[in-house]
Every structure is written in C-alpha cells, then in structure tokens.
Amino acid sequence: MIKRLLGNYLRVMGILTALCGCVYSGRAQSTYQPYSYHFYQKLNSVLYNTDTRLHTSVKPMIVDDSLQPKYDALMQLGVAERYSWGGRKLYNEHLIDIKEDDYTFYADFLPDFQVGRDFAGNGRTTWLNTRGAQAGVTIEDKFSLYVNFFENQAVFPQYLDEYIFTRTVTPGQGYGKSLENGRKKDWMYGSAVLSYAVNTYLNVTLAYDKNFIGDGYRSMLLSDVSSNYTALKLTGKLGNVQYLSMWTYMLDPMHPRSLDSLQRAGDNWKWGAFQYLDWNVDNRFSVGLFQSVVWGSRNAAGRRGFDFNYFNPIIFMRPIELTNTSSPDKMHLGLNTKYKALKNLTVYGQFLLGEFTAKEFFAGNGHVNNKWAAQFGFRGFDAFGIKDLNFLAEYNTARPYTYAHFDPVSNYSNYGQPLAHPWGANFRELVGILNYSYSRFDFSFQGTWGQFGTDPNSSSNFGGDIFQPYGTHQRVYGNYIGQGVENNLLYADGRVSYLFNPKYNLRIEAGALYRRHGVPEQGIHHQTGMLTLGLRASFRNFYYDF
C-alpha cells in the first residue's frame, strides 16, 4: 500500500512541476515556519541554550539569523546527491524551488493519508484522506508570504466523532460536516500569512492563522488549540525586549446571528485585543507580561463592532475596559516566565488571572470569583548526554469558571473551542513528552493524565464548560478544582517515523494510541486503542488528547 501511495505522490509532483515551471538555485532567505510542537522542539538546543538570549515564547516564528544554522541543518537532514528528478523531489527539494538573489519561491503538494484500527473500542477502521498544498514567497529580507490549503475526508475514532457532533467543529480545523450516517467527516481549511519587516525593530503581520504564547506544550494564556482566525500583529524588538500587540477577528458558531429576515444568517463574530511584553533579563531568565480583552459583536443593547478604544498598541487595556461603565468585555492578565537552570534544562511557568476578589482570594474558601489558571514545567535537550533526546514535563490547572463570562458571547474562545487549554476549565493535568531523532528516524511518546469536572445535566454549571454564563454557578463558596461529575483521563501516544523529505516533512509514520476516559460515580469507562499507518507531510499542530 505504501508503495502505491508513493507512486501516486510522485505522479502528482510531476504534473504540478510541469505546470508550474523550472527550478533555480540561489541564496536562502528568512522563512516563516508554521508552528508545531513536534518540529519546534527540535530547535531546543538553540532556543533554550544558556549561550543564547532569544525570545522563545511567541510562536509561530520567522526564522532569522540566530536560528538559521540550526534550521538549515534540519532542512538538510539526510539530504544526499540525487541524479534523478524523482529522487531529488522525494528526498531533497521542494516540488518547486526558485531561489534568486532578491526573492525566493517554493511550493509543495502535501498528502496526509492514514489508515488505522480501533481495537479497544467498537472495532472501527479509521482513515484520513487529506490533499493539501503550500507555497511561500520571500522578497529580499523585508517581505514574506505563506499560504496553505487542505481538503479532507476522514473516519475518526468514536470519541472524536462525539466531539465533532457536539460542537460541529473538527478540532483546530473549523467547520466539519458529517456524511454517511454521521460516521464520515468532510471539511477543508487553509492558512495565509503576510509579513513585512519595516526595519530591524518592527514587523507587521496580517494573517489567517493561529498563535501561541508560552514555552510549554500547553499555554494557559493563548494557544493554537482553536481554528484559524484573522489577526493583525505588530511585533517590536528593542535590545532584550520583545513586544507583541495583536487585534483579532474571530467567529462564534456557538451563538449564530439572529436575523428574522434570514434563515442562514451565518456565524456570529467576536473581537480580541492581545498584548505581550517579553524581557530577557539575561541569558538564563526571562519574564513576560500578558493582557487580553475579548468582546462579542452584540450585547444587551444590540450590535457592537470593533472598539477602537483598544486600538492603541502600547496602552494598558484594563483602565480602558474599566472606563466603559458596566463593561461586557472579558479581560485577562497573565505572567509567563522561564529560567535556564542548566545548559540543557529550562524551567518555565505561567499564571493567568481572570477575576478575583482580594479578600476572598487569600481566604482559601473557594469563592466563585477567584478565577485563575497556572502552569509549571521543565523541558530540555540532549537528556543523559544523548544527542537529540528532547524531553518535557508539565502540570496545568484551571479553577472552575476561568475563561467563562457572564455573557457567553465574550468568553475566551474561538470557533467553538477554548483559546487556551482544550479542556476549558475546572481541571488538573500532567503531561510528559519524549522525542528522539536518529538520522531520518524519529521516535516520540506522549503521556497525559488528568482529572476534570463536568456538569451532571444541562441545567447545572460547575465551571468546566466555558460556554456557559458564569452567573449560573452552583454556589458562591466551596468551589474546588474537579467539582461536579468527576472525570479521569489517561492518554498515551507513541509514534515512529521515517523522514523522506525534510523540506515539507514528508514521512512514513506508524503510531499507537491508547485513551481511557472514566466517570467513576457512573461506572462508565470508554477506551480507545488504535494502531495507525500513514504517508504524511506538512508541519501541523492538532490536539486530540482530550
């Protein structure tokens, strides 16, 4: 089967190259690198080395001079001289690769063909049929453009089926519709990033993409869990300080537009403004301050558009929000920090504050207004002196009702998924990840254990579902993490892959997954045990560990 997939893949590459032109060689330039944890952790030895002082928490990144040597080494992994066109395209090059002194262009066909079997669940055969493409352009060292597009059909394991049916969203990929009695899913999505470097101090980016702030696997501030959204970003660097100011336009299918004259009025929309200041104190220690405000397109008084009070890129937004009497907006403040304890070991953490009452916050009485989330972890590279053995361990937790709002339209979400942790709130979680690369082979393992609380029925609100208004809380005092119906989750995922082409991550990958979701008080235990095999490409980050 794999030989047939490779044969089809090479035929498609031949057709696209014949249509699109020739290949040139020339000078390499800075590159936009889509964010995926799996690829970015391969940069650990540079990003988290005590000999460097790089800003590591804002992602995706533009690969600049400081990262270029390591990035180029990864892009040349296993590359050897090939004399045939098919050999060069399969192992060494982009499908189309034009490099000149003042510009570059590349394009690729991106397959993701997988087949699997769920042995522990209902014996379902799963599969994924994705045909995608990407293209990138750079002009001198000022301008870059990156686009991709994917058309997908799939049969998922049962737990993902239920998630998609409930939310009508394919995790991280937008709207998903069901075919053939609900089992087969069909969806498409794309990304576009336009970046311009005004000078060495300022970069302006307009994107339909995702964003991530943090140094861990998860982010309690802003993560790439949800689907793409439109964002205008200003990123400035001055000395050891990096500053990000971003304004976003997001969709809200959980609260569709209500127009009596239209049966198909479309999804509602919401706005967001985010600011993040990161200071590298020295080569080891950095601290970042985060603030965000999210507001819906409607409130009790009717329709509402973009609030230009939040357009100032360098102002503290909390005073602005407070000047709006009885503000309906959702405000968050946060802290992100890291410390390189050893040459190959970094400790990191986050704290997010949604709301608190000072008197009750330190009383320890579980007041409903004490809404916060936290993260603590460590990560590193070359563990036990073994080159390219990367590791991570982290703990994440969020109090009940964190990220929710009295008006659900303004909660901390985008397209039916949280903007921070995929579990929403009212949880605690442990994550461990190991990755080892040897030549073209890559071995990875992830283990997740967590506890979270859910609602026993639709009329209850114990604080885990951020799409409920927090004004319907169960009690004022005595709230605790994991309240409501106790849920336990164990998730383990192991993968082995062989890399064909590092330029667009073309590989054969075999995987094994085990998931056990238990609800002890109801005597319910759902299990998924899968083996998968596929021909895959691209750098993508999706979260199915919930």
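**Entry 1: terms and model**

I began with burial, where buried means under 20% relative accessible area, exposed means over 50%, and partly exposed lies in between, with a 1.4 Å probe and protein chains only. What I have open is a predicted model, in which local features need pLDDT of at least 70 and side-chain atom pairs count only at pLDDT 80 or more, while totals for chains, interfaces and linings use all residues. Residues are numbered from 1 along each chain as its sequence is written, and side-chain values use heavy atoms, with hydrogens and water left out.

**Entry 2: the whole chain**

I looked up the confidence, given as pLDDT, the predictor's confidence in each residue from 0 to 100. The chain averages a pLDDT of 87, and 87% of the residues score at least 70. Residues 8–28 have a pLDDT below 50, and this stretch has 35 contacts in the model beyond near neighbours in sequence, a contact being heavy atoms within 4.5 Å. Where pLDDT is low, the predicted coordinates should not be read in detail.

I then noted that the chain has eight helices and 30 strands; these are DSSP runs numbered from the N terminus, with helices being H or I of at least four residues and strands being E of at least two. Of the 546 residues in the chain, 55% are buried. Among contacts with a separation of 6 or more, 66% are between residues 24 or more positions apart.

**Entry 3: Asn44**

Is Asn44 buried or exposed? Asn44 has 1% relative accessibility and therefore counts as buried. I found Asn44 in helix 3, which covers residues 44–47. Leaving aside residues up to four places away in sequence, Asn44 touches Asn49, Arg379, Gly380, Phe381 and Asn390. With Gly380, a polar atom of the Asn44 side chain lies 3.4 Å from the backbone oxygen.

**Entry 4**

Which strands pair with strand 5? Strand 4 (residues 96–99) pairs with strand 5 in the antiparallel sense over four bridges, and the two form a hairpin with three residues between them. Within that pairing, Ile96 has Ala107 of strand 5 as its bridge partner. Strand 6 (residues 125–139) also pairs with strand 5 in the antiparallel sense, over 15 bridges, and there Phe105 has Val137 as its partner. Strand 30 (residues 524–536) is a further antiparallel partner, with seven bridges, and in that strand Leu533 is the bridge partner of Val115.

**Entry 5: helix 6**

I listed the buried residues of helix 6 (residues 158–167), which are Tyr159, Leu160, Asp161, Tyr163 and Ile164. What covers these buried residues includes strand 8 (169–170), strand 11, strand 25 (417–418), strand 28 (485–501), strand 29 (506–519) and strand 30. Just after helix 6, I noted that Thr168 takes a positive phi of about 55°.

**Entry 6: backbone exceptions**

Most residues other than glycine have a negative phi, and most peptide bonds are trans.

- The bond joining Lys59 and Pro60 is a cis peptide bond, with omega of about 5°, and Pro60 is found in the loop between strand 2 (58–59) and strand 3 (61–63).
- Glu140 is not a glycine, yet has a positive phi of about 50°; Glu140 sits in the loop between strand 6 and strand 7, and is partly exposed, with a relative accessible area of 47%.
- Asp388, also not a glycine, has a positive phi of about 65°; Asp388 belongs to the loop between strand 22 (371–380) and strand 23 (389–398), and is partly exposed at a relative accessible area of 26%.

Methods:
Polar contact = N/O pair within 3.5 Å; in protein donor to acceptor, adjacent residues only side chain to side chain. Pairing = 2+ DSSP bridges.
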